[in-house]
Amino acid sequence: MNTPAPPTPSIIAPWTVAPAEAPPTVEEGSFAAVVVPAKPERIFHYRVPSALAGSVQPGMRVRVPFGPRSLDGYVVQLLDRSDVETVKPLTAVLDAEPILGPSILALTRWMAEYYLAPWGKVLAAAVPAGLKVGAEKRVILTDAGRAVDEAGVRGAVQRRILAALRSHPGPITLARLAKRAGSIAGLPALLDRGWVTEAPTAPGPTPRLRPYVSLVDAGLLPSGTGPRGPLQRAVLEALAVRHGAFVSDLGLGAGAACRALASRGVVTMSLREPACDPYGRVSESTPAPVLTADQGSAVSTLVDALSRRRFAPYLLWGVTGSGKTEVYLQAMASALAMGRGCLLLVPEIGLTGQIVQQVRARFGDEVAVLHSGLSSRERFAAWTRIRRGQAHVALGTRSALWAPLPNVGLIVVDEEQDASYKQEDGVRYHARDSAVVLGSQAGAVVVLGSATPSLESYANAVAGRYGLLRLPDRVESRSLPTVRLVGLGAGPDGGDVLSPELHAGIDARLVRGEQVLLLLNRRGYAPVVVCRDCGVAARCPQCSVGLTYHRERGKLCCHYCGFSIAPKDRCEGCGGHRITLRGVGTEQVEERLRAAWPSARVARMDRDTTQSRLAHDGLLDAMRRGDTDILVGTQMIAKGHDLPNVTLVGIINADVGLSLPDFRATERVFQLLAQAAGRSGRGERPGEVIVQTRRPTHEAFLFAQRHDVAGFYEQELLRRRELGYPPYGRLAIVLMTGIDERRVIDAAAAAASAGAELAADGVSLLGPAPAPLWRLKGRHRWQLILKGPRGPAVRDAAHSLVTTLRAGRLPRGVTVDLNVDPHHVL
Ligand code: ADP
Ligand code: ZN
């Protein structure tokens, strides 16, 4: 559309909606502060025309004039005065009742201010796709438009649009109209003349039938119909657990595999409307167990807090297997009985199927599940059930924070230390921290649960800012596993994958019919592919990292950008033939296990084997049924699974991640180790953990060996205090990226000089320097870290730095990104 840039209408600063000190008013009456996602940087004022007075409320979608165009936005506040000079009237109200309640408005506004993100961007992330403004803008011909004599209309494009609309009964989306008419450049003129009008937006995405595949009864299969190739085998394995599934849930390439299987009569295919909730199956309800004394006192503290109906944050610090879930469930039951809603956040839904099932078993249809794996229709349906008060329990990953629970009384964040709560692109918010804020705004009880809390939450609990609920023992007096530290050999290929100790431990478990988990936080076959003649390793052309060899795919792959390439038999640098693999990944561990124990049933769980939505469940179900003897995997296997027959957990190489240039590196290694160890001995038989490391005297391992979480934390807190890192200091990262390295460096220099003027108020600047990951997806990355003892000062400095940079001195093609409270500094 070749229209002149719209005159900027009513602007006020993004972080100040209603100026506290009343400005000189120009107009009085009724005004709406509107956030327009298409122009997210500002909040605009519009007059509410008298015809619409009374029908506009905060949280409704409205249509507003914007230059020559109309845009949709959210009313965030009603005002009775506006300091803006010429306030235009809004043109339409799109909702009969607010779709965003006051608590979502308050929370998203806080997030916008705290994370220094435009409010419109936060709202766009918070609202499910089916309700997004402008998502499905459609137009329709008016009676006047139908009566027009097309030949007399000036402008070929306008004539084509009219013709296209005439041949199309009913509303048509702009995208489709553009396709049919070739262009929609003439549309504003037609809208202005009243020949075309915008059709009301559809209430949500329309149902779509999707291909569904089910297994033919194995007894009826003709012979010779077994799977061909790994994809077909994966499909059949997934179906063996489920019987039937949507093809789209089975992962990439499943469609072709299913069709091939169907053509041989192994499976049948049909079209079905997807269920609105893939976790919708309500499992058998299980009676609540008699609480242990510690569980009982935790629950009664929470119930007391709930009955006071005031904000009260708690850290539920319970060792692995201490029954934290039961505490959540009983506190939730009380909240529901008091007529209040519950929000339960979990790190990753595929890995927490168990908690979903437990919650569904206890609360049935009260539960709505929200997570990023849902289709927009599923998400919209779950969201609607919550908003209409049909479901009072919202369960999901970090974005479930925005569930429209009308009266939230209890907020639970399980595994609160988990890194996945921090969103690392777009609006870079932390869901745990935002959940605490939501609790304070809503007067809710907040429970952060973990066996290995984040240092931040631990420090808050020690300082008395959070109540501390402790579950120091496993239920039914089960003991914590014994932890043995075993030195890893230092050979060129990373030493032995299996030390004699681990080998013997696995032997013993297989003989006794017990199960083994093996953790190696590195997927693929070998992490380093190197030429022995010139010593050069294969590297990603787009990122500053090496390529990992994946034997199953037969490719060298980048784990950051997805780049892959077939392995070459000659070195690109020197032409040498002696290309070798170094180091070990999960694929190779699996191979070595199969070689060492040919009759053992070995499975692997990492991002490569869990492409499909149901794969996690399938692998864990097989463990639970006893169909797998040894499960090897990345950190995925360490999450909260309860697998009672696992009596040995082996950490193949505990040092992975220890030397990352990140202040949280040690904390993360410790937490992963403790989480993994927590999978051992959860049933009646005692458990063992074998930790292979090249640094057996590292304090993180020594503390983990003694199960001394507090000891480790006290030590680590001392270090953080010395260096001014969280929780004693606050960080914000200003990240500059661009294709052209020179320009990124120029931007970094500009940032350095702009930053120097700001470095006051105890805020210090580190850098600018290339980020540890200094190139990603073809973009160079330089960063400036702001650090200081006071969060607001750090954020103010970061904000003015970014504003200064964006206001002018930034070279072309360079983007500045701001990350408040970064989880890591990579
Ligand atoms: P955590 O999350 O603390 O690691 P879970 O919540 O998974 O522990 O509980 C561990 C196991 O103990 C589960 O199988 C759970 O059903 C069981 N459990 C929880 N509370 C009790 C109780 N009071 N009595 C008996 N078993 C319990
Ligand atoms: Zn890459």
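Modeller: Strands, in what follows, are DSSP runs of at least two residues, and helices are runs of at least four, both numbered from the N terminus. Please keep in mind that this is a predicted model.

Colleague: Thanks! In which strand is the place of Asn819?

Modeller: The run to look for covers residues 815–820. Asn819 falls inside that stretch, and its name is strand E33.

Colleague: Does Asn819 count as buried or exposed?

Modeller: A residue is called buried under 20% relative accessible area and exposed over 50%. Asn819 has 6% relative accessibility, so Asn819 counts as buried.

Colleague: Moving to the ligand, which helix gives the most to the shell around ligand 1?

Modeller: The shell holds 17 residues, with Val290, Gln295, Gly321, Thr325 and Asp642 as the closest. By class, they are five nonpolar, seven polar and five charged residues. Three residues come from the run 324–337, which is helix H10.

Colleague: What is the distance from an oxygen atom of ligand 1 to an N or O atom in the side chain of Asp642?

Modeller: For Thr325 the distance is 2.8 Å, and for Arg682 it is 3.0 Å. On its own, ligand 1 has 570 Å² of accessible area, and the protein covers 78% of that. For the side chain of Asp642, the distance is 2.5 Å.

Colleague: How many residues does the largest nonpolar core have?

Modeller: Leu345 is one of the residues with the most contacts inside this core, and so are Met111 and Val734. Among the residues Leu345 touches are Ala400, Leu401, Val412 and Ala435. Another core lies apart, with 33 residues that include Ala312 and Tyr328. The largest core has 118 residues.

Colleague: Where is the place of Pro727?

Modeller: The peptide bond from Pro726 to Pro727 is cis, with omega near 5 degrees. A cis bond with omega near 5 degrees also runs from Gly767 to Pro768, and Pro768 is found in strand E31. Pro727 has its place in the loop between helix H20 and strand E30.

Colleague: Does Ser477 count as buried or exposed?

Modeller: Ser477 is in the loop between strand E18 and strand E19. Its phi is near 45 degrees, a positive value in a residue other than glycine. Exposed means over 50% relative accessible area. Ser477 reaches 72% relative accessibility, so Ser477 counts as exposed.

Key:
Residues numbered from 1 in each chain as written. Chains lettered and ligands numbered in written order. Predicted model: local features only at pLDDT ≥ 70, side-chain atom pairs only at ≥ 80, totals over all residues. Heavy atoms only, no water. Near = heavy atom within 4 Å. Polar contact = N/O pair within 3.5 Å; in protein donor to acceptor, adjacent residues only side chain to side chain. Areas by Shrake-Rupley, 256 points an atom, 1.4 Å probe, with all protein chains shown as cover. Nonpolar A, V, L, I, M, F, W, Y, C, P; charged D, E, K, R; others polar. Buried < 20%, exposed > 50% of the residue type's maximum accessible area, 1.4 Å probe, protein only. Core = buried A, V, L, I, M, F, W, Y, C linked by side-chain atoms within 4.5 Å. Contact = heavy atoms within 4.5 Å. Lists of a residue's contacts leave out its neighbours within four places in sequence.
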